[in-house]
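Let's take a walk through this model together, stopping at a few residues along the way.

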Amino acid sequence: MFQDRIPDVFEKLPVARSRRDVWTALMPRRSRAAFRAGIPVATALADLAAILGVAALVDLAYYVSMQGNIPAVSTSGSFELSALVGLFVLLTNLVREDYSIETLLSDRPHLKRAATVWVGAWAIALVIGFATKTTQDYSRLVSLGFFVSGLPALLIVRTVALGVVRRAVTPASASINRIHLVGYEEDIARFYAHNDAEALGLRVIGTSYLRRIDPMGDEASRRAQMSEDLDLAVSVVRFLRPDDVFILVPWSEAADIERCIDAFLRVPAALHLRPGSVMDRFPDLKLARVGRLSGINIGRRPLQAGELFLKRTLDLTLALVALVLLAPLFLAVAVLIKLDSPGPVFFRQKRYGFNQQPFGVYKFRSMKVAQETVFKQATRNDSRITPIGAMLRRSNIDELPQLLNVVLGEMSLVGPRPHALAHDRSFENRIALYARRHNVMPGITGWAQVNGLRGETLTDLDMERRVQHDLHYIDNWSIWFDIRIMFMTVFSPRAYKNAF
């Protein structure tokens, strides 16, 4: 009977290292749930207190310095504005689950997200004020002071909250997720080999091992053996009362997974399937629905319709303005190129664009005219580069004619830089996911370029680093990310690194 195997199972359970471990393991579920709920509530209240507090201090400083008296809350008007902004900040963070323990323990760009929410909340408040014609009710100086000083205060509160949570949530704390593992011995061993529970913000409180079923045995005995193992595992889970149960059975064992699901749906714990190495390759997997069809999403669509419209609007507007403003520079560069060496002003070369559709990219000619049948990448001190061409390449001015490609809809201002066709064909077969760069519009500048990853690629590792940055851009695109890259293209020294 399976009861005879209970001692063996408990021998494999993690041993409590202190009385605190024992207390947290047996702590009532309601108490632990309340403990976990307290951290998000405290973080949200800290944000709200920072917003209201800064608004009150700015308002007080203004009235004391300008009028020499302390205003009443009902007459100053700043309380309504700060409450409105604070409401939008809290609601946005709640919708995005930014106050949850899992989010606070994650590696997300917390300060950037907080700054984005702050700016967005103010934008909404200004729109509401304009629509209701109430902007004149608030002092411009107080509002500006509130906006400028509120953001640092919010960032300081978030930094403190992150530090407190990450110190408080340890494997022995009551707020950490307590999980139970179920699977074959080799699968559980693989989980321990590739995962550090403490680093993941988890505490493994137990494991249930399933025996391998003899494929030559009859079906009745196989079912009986699996039922015995699962009954024992369910009994252990009911005793330990974990928050989550992870089934580590390989997805190829579909029948066994079905039996595990049927067994553990009967216990009061969240149930999870972990599809082996796929989870390690794609850490941001999430369940998605397309129509009525469900699936695990391992990669986002390149851009949604609204995102495409926003990005295209920004590209077209800035490209047209830049072409008008830079027309005198274009004329001067054209004259210098003609005086420097014989040949055309512009150089056009075939590149792959979105969805690997070829197009001709425009550049100022920076090399001597030569009939080359084999593509050769420019190198440092390349004899083919003209004196004017060297200056154009170091300053990135040779790339400016690609504004025409942007207007024509063949390129974007920001995106993975298009490579020569020979490069694309060569690296596509040697670097994993290289072709995924073509899932978005190529750009005049990109995340790889502003991080110094440009110029000659001597090894596959050089190109791999560039591709990793391009894929990071694709997976984390936002209009603010584009603006940041454009700013870095002009002002960051790394954007001019390896320019030759």
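**A buried arginine and its surroundings**

With a relative accessible area of 3%, Arg 437 is buried. Keep in mind as you look around that this is a predicted model. You will find Arg 437 in the loop that runs between helix H17 (421-428) and strand E10 (443-445).

Which side chain does Arg 437 meet in a polar contact? The partner is Asp 470, and the contact between the two side chains is 2.8 Å. Setting aside neighbours within four places in sequence, Arg 437 is also in contact with several other residues, including Pro 416, Arg 417, His 419 and Asp 424.

Asp 470 leads us on to helix H19, where it is one of the buried residues. Helix H19 spans residues 460-475, 16 residues in total. From first C-alpha to last it reaches 22 Å, close to the 22 Å expected at 1.5 Å a residue.

Now let's turn to backbone angles. Most residues other than glycine have a negative phi. Arg 241, which is not a glycine, has a positive phi near 55°. Arg 241 sits in the loop between helix H10 (219-240) and strand E3 (244-247), and at 41% relative accessibility it counts as partly exposed. Asn 396 is another non-glycine residue with a positive phi, here about 70°. Look for Asn 396 in the loop between helix H15 (387-395) and helix H16 (402-407). Is Asn 396 buried or exposed? Its relative accessible area is 14%, so Asn 396 is buried.

Our last stop is Arg 166, in helix H8 (residues 140-168). At 39% relative accessibility, Arg 166 counts as partly exposed. Not counting residues up to four places away in sequence, Arg 166 touches Leu 104, Leu 105, Ser 106 and His 110. How far apart are Arg 166 and Ser 106 in sequence and in space? They are 60 residues apart in sequence, with their C-alpha atoms 9.8 Å apart in space.

Notes
Residues are numbered from 1 along each chain as its sequence is written. This is a predicted model: local features need pLDDT of at least 70, side-chain atom pairs count only at pLDDT 80 or more; totals for chains, interfaces and linings use all residues. Side-chain values use heavy atoms; hydrogens and water are left out. Helices (H or I, at least four residues) and strands (E, at least two) are DSSP runs, numbered from the N terminus. Buried means under 20% relative accessible area, exposed over 50%, partly exposed in between (1.4 Å probe, protein chains only). A polar contact is a pair of N or O atoms within 3.5 Å; within protein, one must be able to donate a hydrogen and the other to accept it, and residues adjacent in sequence count only if both atoms are side-chain atoms. Contact means heavy atoms within 4.5 Å. The expected span of a helix is 1.5 Å times one less than its number of residues.
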